[in-house]
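Please examine the sequence and the structure before reading each solution.

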Amino acid sequence: IMTAHLKRQSFSQEKDLRFLDLCSAPGSKTCQLVSALDRVMSKNDKAEVDFTVVANEINPQRANWMRHRLHQQTGSKALSNLIITCADGRAYAKMEQNSFEYIVCDVPCSGDGTIRKSPKILGKWSPKNAAKNKPLQKELLKVGLGLLKPSDRSGNGGFLVYSTCSLNPLENEQVISEVLDELNGNSESEVRFELMDLSSEESPSPSSSSISNDCSSNPGHGNYLQVLPAKSHGGFFVAGIQKLLVARDDVNQVGDKHCKKKEITSNIHDKVLVTRHAQNLDETTIQYSISPSTQRCCTELIEKMGISTIISSGVAVLYESSNTHHGRKQILQQGCASLVSSLKQHHELLFGYVQLSHEEFLECHAKCSAHYEVLLPLADELQRWKSLDIGTPFIVKVGSSSSTENEDDQSCFLLPAEVVEVFKDNAAPMVMATITARPQIFSRSLFTL
């Protein structure tokens, strides 16, 4: 629902967008959102839109597991725009109001929509037990609506998705109705909240046809999306809420109060490398790629909620340990997309990379006896690089064709590598390299595409 809504937004006037997933674990929603933002924002390069995704989880163990999942499963350059926090969602009330343009509230619930995989839930379910969740659900929804920035004059922003994996009205329609009636009942309020018609939104995964057949709406208080359990998916409930400014005579003053943006001097493509020291015995140094917007948001989170709230910010791209035999930096798998994006936009040769078609990559791999070694042509990108010594890190980009500049990064494999030997005396200069990608990624690059 959120992805479909974003596709229709116009970000030409926006300079700094913030997304919040208030109850994020296990992280599938955030994975989809980060991947979708790669595609959506890539079409708005001229607008120089910078954005931040904040994923929050109250349980420390689940928050760390979610961080691992996001960084391992999402090969996305938007990971440099990601912050993961561990806090009670209600603690976000400490943040400034109107801080986020888009919010997802997938609140804790009785889970009666998951009876297909957990039949025991049905035997334990009762209206009394379901009603026990309402106070927490209403609190989280109020916090989310308070953090939501009103839509601008173009209809951008001001959009919150409320969802549960339950189907009963106690935790869904009643929660929304009571919260909206309470907030809209204040005659002095400068904002109002409206339920959005979800019938025009694209059907979410996993199966558009099955979901659209099982959807129902409640025209009495706006349209809801209710999906019944099936073999391919569990049941869930979704509602979209928009926050709007109240039309008054002093509408301009009200709009400035709620929608004024901070001046931004940095460009979205100017990813900053932040150095942090890992807490281990070999004095490991890790560099993270983080966008200017994400840095600002991280600073605000630390100021309002404490530094212990932050699990991670940005994406680790470089690793350097004092115990490595060559003492050079190694490119990390999860940071490849961010590094290639920076190279593509700035043409700065911070790190070299080679573009190959899948057929060319297989030929390069077949020339070597060791499984993780490839014999690559010394491409222009590497020849122009300042240093090409043994141990020099670079990235191999494998796509369906050797001309991958205009190819979607999601359809390519980005493999970190390091130089083993350089053969410049040959008629065609070559580089022997070791692929340092994760085994699963390397295997997929050989047998996919």
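Cys105 is buried (under 20% relative accessible area, with exposed meaning over 50% and partly exposed in between, for a 1.4 Å probe and protein chains only), its relative accessible area being 0%. This is a predicted model, in which local features need pLDDT of at least 70 and side-chain atom pairs count only at pLDDT 80 or more, while totals for chains, interfaces and linings use all residues. Residues are numbered from 1 along each chain as its sequence is written, and side-chain values use heavy atoms, leaving out hydrogens and water.

**Exercise 1.** Determine how many disulfides the chain counts.

*Solution.* Step 1: a disulfide requires a pair of cysteine sulfur atoms within 2.5 Å. Step 2: the closest cysteine sulfur to that of Cys105 belongs to Cys23, at 6.3 Å, and is therefore too far for a bond. Step 3: Cys298 is likewise in no disulfide, as the nearest cysteine sulfur, in Cys297, is 7.5 Å away. Cys298 also counts as buried, at 10% relative accessibility. Step 4: the count is 0 disulfides.

**Exercise 2.** State what share of the residues is buried, and identify which residues touch the most other members of the largest nonpolar core.

*Solution.* Step 1: of 449 residues, 51% are buried. Step 2: a nonpolar core is a set of buried Ala, Val, Leu, Ile, Met, Phe, Trp, Tyr and Cys residues joined through side-chain atoms within 4.5 Å. Step 3: the largest such core has 41 residues, and Met2, Phe19, Val53 and Ile395 touch the most other members. Step 4: a second, separate core holds 36 residues, including Ile103 and Tyr224.
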